[in-house]
Amino acid sequence: MIEVIGLVKRYKDFEAVKGIDLTVKDGEVFGFLGPNGAGKSTTISILCTLLKATAGEVSVAGIDVRRQPDEVRRRIGLVFQDPSLDDQLTARENLEFHGFVYGLPAAVRKERIAEVLAMVNLEERADTQVRTFSGGMKRRLEIARGVMHHPSVLFLDEPTLGLDPQTRNHIWDYLHELRRREGITLFMTTHYMDEAEFCERIAIIDQGTIVAQGTPDELKAMVGGDVISITAAAPQALAEEIDRAFKLATMVERDRVRVEVPEASTFVPILVKELKTPLRSLTLSRPSLDDVFIKLTGHAIRDEAAGGMDQFRAMAQRWGGPRRR
Amino acid sequence: MESVGQATPRVESRPAGGRAGTVGASLRAVYIIWYRDVLRYFRDRFRLVASLAQPLLYLVIFGTGLSSALRGTGAGGFGQGAGSIQYVQYLYGGVIGMSVLFVAIFSAMSIVWDREFGFLKEILVAPINRSAVAIGKTLGGATQAMIQGLILLVLAPVAGVRLTVESVLLLVPAVFLVAFALTSMGVALAARMKSMQGFQGVMNFLMMPMFFLSGALFPLNNLPGWLFVLTRLDPMAYGVDVLRRVVLMGSGLPPAFVDRLGMTVNGTVISPWIEVGVVAAFGLAMLGIAIASFRVRD
């Protein structure tokens, strides 16, 4: 459904995407994962014809994005990172506009608007101006709009960013429902690792390069075993001691030391007995995608990059204030 | 309509509607973009009413004030006896031009607003011709500016101007022409503008100079050389002159007198038809630039 070969996007003095390859199969839920500024939004903008690639081949639904952008546009739907509704219009008017622009005949438009509004439970608010909607309602309306014209692929750029956890879950319910009913391919970017678990396949991007691609299970297998996470007052000293005593690779993150071992349940008693540095707490876990990301890139996904700006965006969305482009 | 290349039967892939390249699809796009602008305009009743405030201030306070001041010097306007008008009557056509200018630029700047608040993306990823987007936006803004200009006709009594059926019928296309030309300019500017900050610059370095040089406030003859030249370079001046000629048609003024208030080059009065041509050519050139800017993809 989507085929990307050697995609490069260079701005004047900055290479945002450094030659990536991607394959997304028909009907798949594909997650594009990475911290802010990793090149996710740039890539998605190129896939949906908003930006031109500097180099590389990109095709969506079997059509070359560079040569026939209009043909691609007719076959894709989009849910953007920031709301892109006209909030002075009603929900129905926004959908009318969309249907009209995509050339749906009046009868189809009417039927389809009713259908998609029902799908996201917004029938009752159909004739209210969008500016009175909450963030979650706006996102639902955008999802409804994105699939209204029966696209082959729906692109979602951070569809749950800035929403509270409950609303996030609801959005996911709608997406699953959508997939079941319309059978379309979903391509989404996110930096929420727990959401990536919902995807059938994932590509992890960091600093413009794809560092891994596969199913969540395949990726987790890369971590190779269990993860022990220990907090201590002197994490650095602890890491050095583990390194010395057990010849195990460690990673320090604030007051936490992470160690990967093949079999944690038998290893922990030995570890605790041997260590001289005082421990504060210890947790065991099966590897999560967070661990995969840390292993592959050497830093956590929600480090510095996803801090201030995200909070600002979330707040801005809540208060209806200025939003970043 | 055939379905997508490797689509499996499970994926019901019906690419939307007609081809983006066809004339029908483009006209449809122009229409819906125009329609959205007009819908938003009428929905904003407050703005409709508020936009009458500034023209009223100009006519009632500025116009009356200057008329009275001139009367103190022995004149209350321009000309003498039967061939004379009050300053406020002179001002009326210019105030219509001013409103058209402001609404035209503001509505074109809504593109920047849409860009900042996302809606522009919805338009740009749609399978429609980018030229249609530029044309739809221009016509949408021009319609708003025209309606605004025509609403001001209710203020004719305030300005002491007598309108006839004929002059009103002529004003509709005249106001639309000026509105179209100025909106094209606005859209051409807004097409590549990334943030609302640029709007300050447009306001101070373009809108206000165009307004002051347009002859809306004073006749453009007997001016110092440098000012004379600048006014002739202002495309809006030609438009304002046409508007004023039509507005004053019903006032029973001798044509020679109206000519004297109008634009001259080398002492010859420019025919209103040439003025119409200048405004139309300017508008089309700007629309061309607007279309070209919309077609560029980064």
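**Strand pairing and sheets in chains A and B**

A:Ile2 stands opposite A:Val24 of strand E2(A). The model is predicted. This pair belongs to an antiparallel arrangement in chain A, where strand E1 (residues 2-11) is joined to strand E2 (residues 14-24) by eight bridges. A second residue pair in this arrangement is A:Lys9 with A:Val17, its bridge partner in E2(A). The link between E1(A) and E2(A) is a hairpin of two residues.

E1(A) also pairs with strand E4 (residues 55-60) of chain A. Five bridges hold this pairing, and its sense is antiparallel. Here A:Glu3 has A:Ser59 of E4(A) as its bridge partner. E4(A) in turn pairs with strand E5 (residues 63-64) of chain A, again antiparallel, over two bridges. A:Ser59 takes part here as well, with A:Asp64 in E5(A) as its bridge partner. The hairpin of E4(A) and E5(A) has two residues between the strands. Within that hairpin, A:Ala61 adopts a positive phi near 55°.

Chain A as a whole contains twelve helices and 14 strands. Its C-alpha atoms occupy a box of roughly 75 × 40 × 40 Å along the principal axes. Of its 325 residues, 43% count as buried. Among contacts in chain A with a separation of 6 or more, 70% are between residues 24 or more positions apart.

Six strands of chain A make up an open sheet. Their order is E6-E7-E8-E3-E9-E10, and the pairing is mixed. Strand E6 (76-79) and strand E10 (209-214) of chain A are the edge strands; each has a single partner strand, so one side of each has no neighbour in the sheet. Neighbouring strands of this sheet are turned against each other by 15° on average, direction ignored. One of the pairings joins strand E3 (residues 29-33) of chain A to strand E9 (residues 201-206) of chain A. These two strands run parallel and share four bridges. A:Phe32 has A:Ala203 of E9(A) as its bridge partner. Helix H1 (residues 40-47) of chain A packs on this sheet. H1 of chain A touches E3, strand E7 (153-157), strand E8 (185-190) and E9 of chain A. The direction of H1 makes about 150° with that of E7(A).

Another open sheet of chain A has four strands, in the order E12-E13-E11-E14. Its pairing is antiparallel. At the edges stand strand E12 (250-253) and strand E14 (281-285) of chain A; each has a single partner strand, so one side of each is left without a neighbour in the sheet. The twist from one strand to the next averages 20°. Strand E11 (residues 226-231) of chain A pairs with E14(A) over five bridges, in the antiparallel sense. A:Ser229 finds its bridge partner in A:Thr283 of E14(A). Helix H10 (residues 264-274) of chain A lies across E11, strand E13 (256-261) and E14 of chain A. H10 of chain A runs at about 30° to E11(A).

Chain B contains 13 helices and four strands. Of the 298 residues of chain B, 45% count as buried. Contacts in chain B with a separation of 6 or more come to 81% from residues 24 or more positions apart.

Technical notes: Residues numbered from 1 in each chain as written. Chains lettered and ligands numbered in written order. Predicted model: local features only at pLDDT ≥ 70, side-chain atom pairs only at ≥ 80, totals over all residues. Pairing = 2+ DSSP bridges. Buried ≥ 20, exposed ≤ 12 C-beta atoms within 10 Å, placed from the backbone. Contact = placed C-beta atoms within 7 Å. Axes fitted to C-alpha atoms, helices over the stretch in contact; angles between N-to-C directions.
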